[in-house]
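I opened this structure today for a first look around. My notes follow in the order I looked things up.

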Amino acid sequence: MERTTTVISQVQVDRQLDYCDKIAAITAQWPERPLAFVDTYGCQQNEADSERIRGYLEKMGFGFTGDEEQARIIVINTCAIREHAEQRVFGNVGALVHVKRRHPEQLICLCGCMMQEPHVAEKIRQSYRHVDLVFGPHALWKFPEMIHTLLTQRGRIFSNADEAGSIAEGIPVVRQDSVKAWVSIMYGCNNFCAYCIVPYVRGRERSRQPEDILAEVEQLVAEGYKDITLLGQNVNSYGKDLEEPCDFADLLERVNAIPGEFLIRFMTSHPKDATHKLFETMARCEKVAPVLHLPVQAGNDRVLKVMNRRHTREQYLEKIRDLKSLIPGIVLTSDIIVGFPGETTEEFEDTLSLLEEVRYDALFTFIFSPRVGTPAAKMDDPMSHQEKLANFNRLVALQDSISEEKHAAYIGKTVRCLIDGLSDDARYDLTARTPGNRLVRVVGPKEALGQFRDVKITDANKWSLFGELM
Ligand code: SF4
């Protein structure tokens, strides 16, 4: 099912901005400024998409609320990665039927990866008749036109055809944070890992032009953003579809050259495409944070092969050794799936030994969750959930001990951190991030928010560090 990229022209985006103006003229007639409720599930890519949805909504004249009862428009941006998240979405959307009964003028919109799955869209069509609009990630750029149709003609809209993935520039953005910002550099994925739904719902890889990315980052730096994360499902294959050669390492180098004090992060990296050139560029570029999230998923070669990861354990470890030699003290994190269909406990133990060898600073661990439409969902899966859970608990216990040990090594050190938020733990005032993205809870004045400051680390546990402003 080879599909090409649809580049949305500036004329088409301008047409959507005209729809925003038409809607703003309608909402200006309403007795009060209307509010929108935007709820986001899943990854940072979804967060970035929701920021564009908010950008459109603001241009249509909407303010924002965290209360569904007050909202004229509800947007739920969904995630298809795990079954648990899907069930939560269905539960929450089901509950909205009561809210809409009280506010029949309300528009309920569902978007994101789940909506690109045909069986989900069909279920919404049949059983969730209070939902007005369903659209997949490919159709986000025409959100204003769809809202305009709903406001002027009512009815229901389903815009989730399996069309080519799109790239659209110039969509307005309302960012959720004033210190950290997401910048999508590419969309989609070509890899078809056996367990993953992403290539089916987000389409093939397509890269934004470097000039558009650089202009966005320059703008963010001028607005005072200090922590900029370049986003893509597999950033390491950035640029493969561009006419002018520019790979991900080249892009990093160009972003690094933008004047100003800020940190560059990126995610996610696929090990098979992570190159020596990338590591060498990371080591040389002073704004690139010394941290790499490099998902390994499993430590056993047979399991990696069935997962269609297209690298071996040894190739992965060789890259880690290369990286550690170029950037001593690099912070490493990873994703691990426990209980992939057919994985034995003996094979799982290769994952434990890989952990011992790499010594990640933190891990994102998951028990395998079958996704309809992926090859893994059809594989024999003889291991019981209890056995998987037992293995999962062994993995978590091992990682906890490694994280605790690595965090304890910070105690007594002074680390230049970015103060990025207010602490929800009453014993501390602020939250901060080390360059390697470890969370620090800090005692200090709120005026430090948004600044790079020296923090003396006084304590640590397996999850985070604790300290005081110098
Ligand atoms: S690299 Fe694999 S796991 Fe990551 S998004 Fe692509 S298919 Fe999914």
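**Starting from Phe248**

I began with Phe248, which is buried at a relative accessible area of 2%. For burial I use these cut-offs: buried is under 20% relative accessible area, exposed is over 50%, and partly exposed is in between, with a 1.4 Å probe and protein chains only. A note on what I'm looking at: this is a predicted model, where local features need pLDDT of at least 70, side-chain atom pairs count only at pLDDT 80 or more, and totals for chains, interfaces and linings use all residues. Residues are numbered from 1 along each chain as its sequence is written, and side-chain values use heavy atoms, with hydrogens and water left out.

Phe248 sits in helix H8. Helices here are DSSP runs of H or I with at least four residues, strands are runs of E with at least two, and both are numbered from the N terminus. I then looked up what Phe248 touches, with contact meaning heavy atoms within 4.5 Å. Leaving aside neighbours within four places in sequence, Phe248 is in contact with Ile185, Leu230, Val235, Asn236, Tyr238, Phe266 and Leu278. I also checked Phe248 against Gly136, 112 residues apart along the chain, and their C-alpha atoms are separated by 27 Å.

**The nonpolar cores**

Which residues touch the most other members of the largest nonpolar core? I found Val217, Leu230, Phe248 and Met282, in a core of 53 residues. A nonpolar core here is a set of buried Ala, Val, Leu, Ile, Met, Phe, Trp, Tyr and Cys residues joined through side-chain atoms within 4.5 Å. A second, separate core has 29 residues, including Val75, Ala139, Trp141 and Ile147.

I followed Met282 next. Neighbours within four places in sequence aside, Met282 is in contact with Leu252, Phe266, Val288, Ala289, Val291, Leu292, Ile327 and Ile330.

**Two helix pairs**

The axes are lines fitted to C-alpha atoms, for helices over the stretch in contact, and angles run from 0 to 180 degrees between N-to-C directions. H7 passes H8 in a right-handed crossing. That label means the near helix is turned clockwise from the far one by less than a right angle, and left-handed means anticlockwise. On the H7 side I listed Pro210, Glu211, Ile213, Leu214 and Val217, which meet Leu251, Arg254 and Val255 in H8. The residues of this contact divide into six nonpolar, no polar and two charged. In this count Ala, Val, Leu, Ile, Met, Phe, Trp, Tyr, Cys and Pro are nonpolar, Asp, Glu, Lys and Arg are charged, and the others, Gly among them, are polar.

The other pair I checked is H1 (residues 10-27) with H5 (residues 143-153), whose axes come within 8 Å and cross at roughly 35°. H1 passes H5 in a left-handed crossing. Residues of H1 that meet H5 include Tyr19, Cys20 and Ile23, and those on the H5 side include Phe143, Ile147 and Leu151. I noted eight nonpolar, three polar and three charged residues in the contact of H1 with H5.

**Cysteines**

How many disulfides does a search of the whole structure find? It finds zero, a disulfide being a pair of cysteine sulfur atoms within 2.5 Å. Cys20 is in no disulfide, and the nearest cysteine sulfur, that of Cys109, is 13 Å away. Cys20 is buried, with a relative accessible area of 0%. Cys79 is in no disulfide either, with the nearest cysteine sulfur, that of Cys43, 6.2 Å away. Cys79 counts as buried at 10% relative accessibility.

Most residues other than glycine have a negative phi, and most peptide bonds are trans. With that in mind, I went looking for exceptions.

- The peptide bond from Met267 to Thr268 is cis, with omega near 5°. Thr268 is in the loop between strand S13 (263-267) and helix H9 (276-284).
- Asn308 is not a glycine, yet has a positive phi of about 65°. I placed Asn308 in the loop between helix H10 (301-306) and helix H11 (313-326), partly exposed at 28% relative accessible area.
- Arg359, also not a glycine, has a positive phi of about 60°. Arg359 lies in the loop between helix H12 (345-358) and strand S16 (362-367).
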